[in-house]
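This report covers the sheet, the nonpolar cores, the salt bridges and a surface patch of one protein model.

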Amino acid sequence: MIVNISDLNKEELDNYIFVDLREPIEILLHPVKEFKSVKLPFSQFSESNFQFKEDQSYILFCSKGMRSLLAAQRLHDQDIKNTASLTGGVDAIKSYFKK
């Protein structure tokens, strides 16, 4: 349920759909341009109509990893097991792509 981006190579990243749980102002102030992501603010997560497809794998991320961990836990509690939380959030993403 938790993934560390440094454990994945860049080709493996293509196997995932990234879901950005940050709020719009956070995305505006600290955009992630390294890959495409679905924008699903955590404040709207529970009411969202977003469908997690069984044949896809998802990595949820936020600023530091706490909201994505909570969201991944909620999804796992609903038997949506093809999701994981990204440890370290946006900082981990930025660090990974600086290599």
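Two strands count as paired if DSSP finds at least two bridges between them. Helices (H or I, at least four residues) and strands (E, at least two) are DSSP runs, numbered from the N terminus. The model is predicted: local features need pLDDT of at least 70 and side-chain atom pairs count only at pLDDT 80 or more, while totals for chains, interfaces and linings use all residues. Residues are numbered from 1 along each chain as its sequence is written, and side-chain values use heavy atoms, with hydrogens and water left out.

Five strands form an open sheet in the order 1-5-4-2-3, with parallel pairing. Strand 1 and strand 3 are the edge strands, each pairing on one side only. Strands of a sheet pair through backbone hydrogen bonds, either parallel or antiparallel.

Strand 5 is joined in parallel to strand 4 by three bridges and to strand 1 (residues 2–3) by two bridges, also in parallel.

Buried means under 20% relative accessible area, exposed over 50%, and partly exposed in between (1.4 Å probe, protein chains only).

**Nonpolar cores**

A nonpolar core is a set of buried Ala, Val, Leu, Ile, Met, Phe, Trp, Tyr and Cys residues joined through side-chain atoms within 4.5 Å. The largest one has 15 residues, of which Ile5, Phe61, Leu86 and Ile93 touch the most other members. Strand 4 (57–61), strand 5 (83–86) and helix 4 each supply at least two residues of this core. Helix 4 gives the most, with four residues. Apart from this core lies another, of 12 residues, among them Val19, Phe45, Cys62 and Leu75.

Leucine 86 is in contact (heavy atoms within 4.5 Å) with residues that include Val3, Ile5, Ile59, Phe61, Ser68 and Ile93, not counting residues up to four places away in sequence.

**Salt bridges**

A salt bridge is a side-chain nitrogen of Lys or Arg within 4 Å of a carboxyl oxygen of Asp or Glu. By this rule there are five salt bridges, among them those listed here.

| Aspartate 20 | Arginine 22 | 2.8 Å |

Glutamate 34 is partly exposed at 29% relative accessible area, and lysine 94 is partly exposed at 27%. Aspartate 20 and arginine 22 are both buried. Aspartate 79 is exposed at 61%, as is lysine 81 at 51%.

**Surface patch**

Patches are made of residues with over 30% relative accessible area and no salt bridge; like charges are joined within 9 Å, and nonpolar side chains (Val, Leu, Ile, Met, Phe, Trp, Tyr) within 5 Å. Accessible areas come from the Shrake-Rupley method with a 1.4 Å probe, and for residues only the protein chains shown count as cover. Ile25, Leu28 and Leu29 form a nonpolar patch on the surface, with about 350 Å² of accessible area together. Leucine 29 belongs to helix 2 (residues 24–29) and is exposed, with a relative accessible area of 57%.
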